[in-house]
Amino acid sequence: MPKFIDHHPMGPGLPPEAAEGIAEKIRAGETDEFGVKGLNVYLGKTGEAFCVSEAPDAEAVMKAHEAAGFPISRTDVVEVEAVA
């Protein structure tokens, strides 16, 4: 399954319960209705989020973010490949 990293504003001061909800979803390892499985989310100190996921394609990543209330554009999503 292809892997993607995306970047978007998250807003400063993400409430701890919201961060825990995201973490629980990732730990569960479930795939959403768009075929996206979250692998990790990194929160920048300036209110940005960097999400790592497996998905069929970039469009699925965009749809999953839209459904979660974080619309992103195609230019925010990059397909990646690990080197190690």
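A residue is buried under 20% relative accessible area, exposed over 50%, and partly exposed in between (1.4 Å probe, protein chains only). The model is predicted, so local features need pLDDT of at least 70 and side-chain atom pairs pLDDT 80 or more, while totals for chains, interfaces and linings use all residues. Residues are numbered from 1 along each chain as its sequence is written, and side-chain values use heavy atoms, without hydrogens or water.

**View 1. Helix α1 and the glycine that follows.**
Helices (H or I, at least four residues) and strands (E, at least two) are DSSP runs, numbered from the N terminus. Helix α1 covers residues 16-28, which is 13 residues. How far apart are the end C-alpha atoms of α1? They are 18 Å apart. The expected span is 1.5 Å times one less than the number of residues. Now look just past the helix. There, G29 takes a positive phi of about 70 degrees.

**View 2**
A salt bridge puts a side-chain nitrogen of Lys or Arg within 4 Å of a carboxyl oxygen of Asp or Glu. Side chains of opposite charge can pair when their charged atoms come close. The structure holds two such bridges. One of them joins the side chains of R27 and E20, with 2.4 Å from N to O. Are the partners exposed or partly exposed? R27 has 58% relative accessibility, so R27 counts as exposed. E20 has 35%, so E20 is partly exposed.

**View 2. A salt bridge between E54 and K3.**
Here the side chains of E54 and K3 meet, at 3.7 Å from N to O. Why does this pair tie together separate parts of the chain? E54 lies in strand β3 and K3 in strand β1 (residues 3-9), so the bridge links parts that are 51 residues apart in sequence. E54 is buried, at 18% relative accessible area. K3 is partly exposed, at 36%.

Two strands pair if DSSP finds at least two bridges between them. How many bridges join β2 (residues 37-43) to β3 (residues 48-54)? There are six, and the two strands run antiparallel. Y42 stands opposite F50 in β3. Four residues lie between the strands of this hairpin. In the hairpin, G47 takes a positive phi near 90 degrees.

**View 3. Strand β1 and its two partners.**
β1 pairs with β3 through seven bridges, and the strands run antiparallel. On that side, F4 stands opposite S53 in β3. β1 also runs antiparallel to β4, with four bridges between them. In this pairing, D6 stands opposite V77 in β4. Which residues of β1 make up its covered face? They are F4, D6 and H8. The uncovered face holds K3, I5, H7 and P9.

**View 4. The largest pocket.**
A pocket is an open set of points on a 1 Å grid over the protein atoms alone where a 1.4 Å probe fits, with protein on both sides within 12 Å along at least five of seven lines; lining residues have an atom within 4 Å of a point. The largest pocket is lined by 26 residues. Nearest its centre lie I22, K25, A64, H65 and A68. Which element gives the most to the lining? β2 does, with five residues. β1, α1, β2, β3 and α2 (58-67) each supply at least two residues of the lining.

D32 sits in the loop between α1 and β2. At 21% relative accessibility, D32 is partly exposed. Along the chain, D32 and A64 are 32 residues apart. Their C-alpha atoms are separated by 7.6 Å.

E79 belongs to strand β4 (residues 77-80). E79 is exposed, at 51% relative accessible area. E79 and A58 are 21 residues apart in sequence. In space, C-alpha to C-alpha, that pair is 7.4 Å apart. S73 is in the loop between α2 and β4. S73 is partly exposed, at 33% relative accessible area. How far apart are S73 and G21 in space? Their C-alpha atoms lie 24 Å apart, with 52 residues of separation in sequence.
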